[in-house]
Amino acid sequence: MASPMSADSFLGALRAEGLTVVEVGDWRHHNRDHKGPWGPVHGVMVHHTVTSGGARTVEICRTGHEDLPGPLCHGVITKDGRVHLVGYGRVNHAGSGDDDVLRAVVAEKRLPGDNEANTDGNRYFYGFECENLGDGEDPWPRAQLEAVERAAAAVCRHHGWTERSVIGHLEWQPGKSDPRGFTMASMRERVRDRLK
Ligand SMILES: [Zn+2]
């Protein structure tokens, strides 16, 4: 259980982890806080966007769409490995997920399968959307995967969490497939090694 970092701390943590960070518009105050709570925070969630093109991807994640207003995450990780900050606070990325998964994340234990959508994830998770078509064929460049690793590690390092606090959307919400193209187990190993 932890209070969310300030926007400045979040930015600082990402930069301290060696990331190239792009600040998009008034990201510090762009959020969905009027729709519900933000925090306490328990983990980091990784997504793919099902989009292509860095600029277009960032814009979609910033503004969202008619049935799902943005921001759709805190940071967008484009294929070039840059992290674009589009929002901060409560954002529309996690949807409803499994309370048993949340309990495992809090306890930093092995994740159970996700078979319920009964818990508000936007309250509890930092969210990173990654530019990828999510078709299992669109490649994940080395720079992009390294940025996912660094971004997740930055948040874990700040809060004193282990790699077990990093999950994929597909591990949270039944029916979700993201991220597709690498395994969250492999990403957690990378985060664990980075945090050593
Ligand atoms: Zn997702």
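**View 1. V50 in the loop between β2 and α2.** In this predicted model, V50 is placed in the loop that runs between β2 and α2 (54-63). The residue is not a glycine, yet V50 has a positive phi of about 60°. V50 is exposed, with a relative accessible area of 53%.

View 2. Three residues coordinate the zinc ion at 2.0 to 2.1 Å: H47 through ND1, H169 through ND1 and D178 through OD. Along the chain, these donors follow the spacing H-x121-H-x8-D. H47 belongs to strand β2 (residues 43-48), whereas D178 sits in the loop between β10 (166-168) and α5 (184-195), so this pair ties together parts that are 131 residues apart in sequence. H47 is buried, at a relative accessible area of 1%. D178 is likewise buried, with a value of 6%.

**View 3. The cis peptide bond from D178 to P179.** The bond that leads from D178, a zinc donor, to P179 is cis, with omega near 0°. P179 is located in the loop between β10 and α5.

**View 4. The cis peptide bond between G70 and P71.** G70 and P71 are joined by a cis peptide bond, for which omega is about 0°. P71 lies in the loop between β4 (68-69) and β5 (75-77).

**View 5. E108 in the loop between α3 and β8.** E108 is found in the loop that links α3 (99-107) and β8 (119-120). Although E108 is not a glycine, its phi is positive, at about 55°. E108 counts as partly exposed, with 23% relative accessibility.

Terms used
Residues numbered from 1 in each chain as written. Predicted model: local features only at pLDDT ≥ 70, side-chain atom pairs only at ≥ 80, totals over all residues. Heavy atoms only, no water. Donors = N, O, S within 2.8 Å, 3.2 Å for Na, K, Ca; no water. Helix = DSSP H or I, 4+ residues; strand = E, 2+ residues; numbered from the N terminus. Buried < 20%, exposed > 50% of the residue type's maximum accessible area, 1.4 Å probe, protein only.
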